Amino acid sequence: MAVIASHHNAVDGPSLGNMISRVTLVPFCLPTDLLPVIVYVFDLPCICGAWADGDIRIGILSSCHSKVQTLHVRERPEKYNCTGLNLISLVRTLAVVHTIETINNSSFLPGVRLGYYICDTCSHASKAIQSTEQLLAVNGTLPVQCEVLERPNVKAIIGARFSEDSLAVARLLSLYMVPQISTTSSAQTLSDSIRYPAFLRTIPSDVHQTKALVNFMKHFHWDWVGVVYGDDDYGKNALQSFLADSEDADICHAFQEVLPHYLANNDIDKRIQEVAETIRLSEAKVVVLILKEELVSKLFKEMIWQNITRIWIASDAWSMSRNISQMEGINQVGDIFGFTFITGPNPGFKEFLQKPTFPPGSVNLFLEEYRQLGKDTGSLTEAVDISMTYGERLAVWSIVHALKRLLNCNETDCPGERDFPPWKVTPQGTENISFTMDNQTFYFNASGNFMNGYDLINWQVPVSMCSATCPPGTAKKLLKTSCCHNCTQCLEGTYSNETNLPNCLPCENGTWSLKGWISCKPKEEDYWTWDGSHSIILLTFTAIGYLLLLFTLIIFMVFYGKPVMKQAGGTLCFVIMVGLTLSYTSVILFIGKPNVHICRGRQILYALGFSLTVSCILVKALRTFASFLPPHRQRHAKRFYKPPVIITCGTLIQALICILWLIFDSPGVEAIQFDQSMIIILQCSEGSGIGFGIMLCYIALLAFVCFLMAFKGRKVPQAFNETGHIILSMLIYLFVWVCFTPVYIAKVNERYSIQVAAILVSCYGVIFCHFAPKWYMALCKRKNNLLERHILQESIII
């Protein structure tokens, strides 16, 4: 982070908190008719989270934990459960302790030892009030009274960090005129000395920061910006100030999005995603973030995930955050500018953090909690830029300078009254106080603010590289110069999940990747699922086929023994329906995940079913052909006309072909994979295809014989002629399978779709050519006696 320029601003930093101590809550002034009101008392094990005894005690309102664990409607004054130890707040708190101990070890206040009590606010305004009551009641329980507390044991309070908390606390402390000095609460409204007469701060108010923001934007001619702010007092006050200043400068706002201040809010992740979507869709390239550090961290993670780049303007609350600056992928979000308070040295504090030492009798439960996490206190030096604790050092020294005046201290003694009322350290008593530290003069103005300004910073990542960093999904290909390289995408089947990998890593455990991927994934299996469009169409036509067969069965049962039934072939029709039913059933086996049994079953079922059907049609063709031969040739043909034998032999030959096919060249399942695809196509393989071809050729031979027999008998009288129907049905079969053969040989991916279509068309051809005319004759056409006589004569011949 580089400091660019100095301006004026204030901060609202991150916070955390868990109140380890408990508090006694009491009403301050009760009318006599409300005396029976129940007072809830909590017997808590300790007063605050950290303390040390002294002649004069300073209260510290910290935010050592980030949130109250559950936010809900409170029905009774129950305990606040706080979670998430915040290292930045802990370091800031320790900076106060270090400064106090530094003063105690000096001769600045001769004979006077400063003590302190540290209570947690948990970044929650109500919890901050509860902690403030504890600080005012350190000598025991705060009494029920109508008079203000004249001489509480705590003479001044440092805190709180967030404006939301400071505003709530300032109202209470103004009642007792206990001075409150914040190092980070920058809300403009806290400058109101009428409403908050006991409030002071070591920073300017937000009114200066927003003016600086606007001037900064005007310099770069940014007149179309977005704003994201928190729903606490700090965020809302800063937003209103910024809107007013930007309107005067003709800067327009693309959007204004708000995020919940409390980290325990259940909708916070959802709102983060909604705000990210607003930023992504907006044309604004500059976004102002008036948020606490934790919210910015969540938002930037979403920005990195969605690969969104903008120019970000940081408010003082997070502009110096190390946690955010060290986030993985932070360089991808774009340029970051921000404002921060004037920082400075804190001599000896780094050594104190590496090895904290406390006076006898002191307690620091926050530090103990940190140690229980298994971490060394020395690592606290990396948690925050120590120069940011300059405000805490200033706050303590401003109180000490006021005490030096109140206690009439000289070089050897402080003879003044030590049990003085706190109001003597209020702005009225301190606005004339001026002190010099690090060659700089500090003082409070009439509104209780330090006018020490702030810095404008620009986040940078220094880069001095011959070649750009190779992102995940690529690998370095070194050039002639060892420091220089090109980035090449990982090929299919390899990946890289880190930057600047020298080689892509191979996929393992059956996984795969496409070109430029950062990880490997299992391939997805592809086949005809039951809910797929292919399957639904096939099942629909198959169901219609079943219904037509059922309708035919009902018609033939009703007209069984009638001339129309005999002309249709009698019991032969039922055998044909059995064959067609088997063929339709084979279509169903094309759907679902294939296995070896399904692959075998669907072809065998169709082979036997349609062979049975064509064998029956062959009998009909032979019957018609023989019935109208000359008498001497009829006797010769009659010896070969054995319907049961023809049908049985025709089907058994196909069965033998299928058995040999299963034995020597059985169908199975094959998985087709392509390097450029993440799909595995599961489909049936018909072996070498020889058995499959012989099976189809045999059915085609039967169909061709039927066609020839029907063609030769086509000149019989029209009233008894069924040869046209036989010819048409066999032509349909031969045509669709002739079309299927080249598709199958070419191994086109859609060959099974065409095979199923061929099966359905063949079956429908038989139904509409052989059964549909009989429906019409049975239901719509009256039969005459001549027709009956010829049918009877035909049956006698056969």
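Helix axes here are lines fitted to C-alpha atoms over the stretch in contact, and angles run from 0 to 180 degrees between N-to-C directions. The model is predicted, so local features need pLDDT of at least 70 and side-chain atom pairs count only at pLDDT 80 or more, while totals for chains, interfaces and linings use all residues. Residues are numbered from 1 along each chain as its sequence is written, and side-chain values use heavy atoms, without hydrogens and water.

**View A. Helices α19 and α20 cross.** Here the axes of α19 (residues 690-712) and α20 (residues 723-745) come within 9 Å, at roughly 150°. The two helices are therefore roughly antiparallel (angles over 145 degrees). In contact (heavy atoms within 4.5 Å), the α19 side includes F692, L696 and F711, and the α20 side includes I726, W737 and Y744.

**View B. Helix α11 and what surrounds it.** Residues 390-406 form this helix of 17 residues, which reaches 25 Å from first C-alpha to last, close to the 24 Å expected at 1.5 Å a residue. Because 14 of its 17 residues are buried, α11 is largely enclosed by the rest of the structure (buried means under 20% relative accessible area with a 1.4 Å probe, protein chains only).

**View C. The largest nonpolar core.** This set of buried Ala, Val, Leu, Ile, Met, Phe, Trp, Tyr and Cys residues, joined through side-chain atoms within 4.5 Å, has 89 members, and I279, L289 and F300 have the most contacts inside it. Helix α11 gives the most to this core, with 10 residues. Among the residues that L289 touches are V228, F300 and W318.

Key
Helices (H or I, at least four residues) and strands (E, at least two) are DSSP runs, numbered from the N terminus. The expected span of a helix is 1.5 Å times one less than its number of residues. Buried means under 20% relative accessible area, exposed over 50%, partly exposed in between (1.4 Å probe, protein chains only). Angles under 35 degrees count as roughly parallel, over 145 as roughly antiparallel, 65 to 115 as roughly perpendicular and the rest as oblique. Lists of a residue's contacts leave out its neighbours within four places in sequence.
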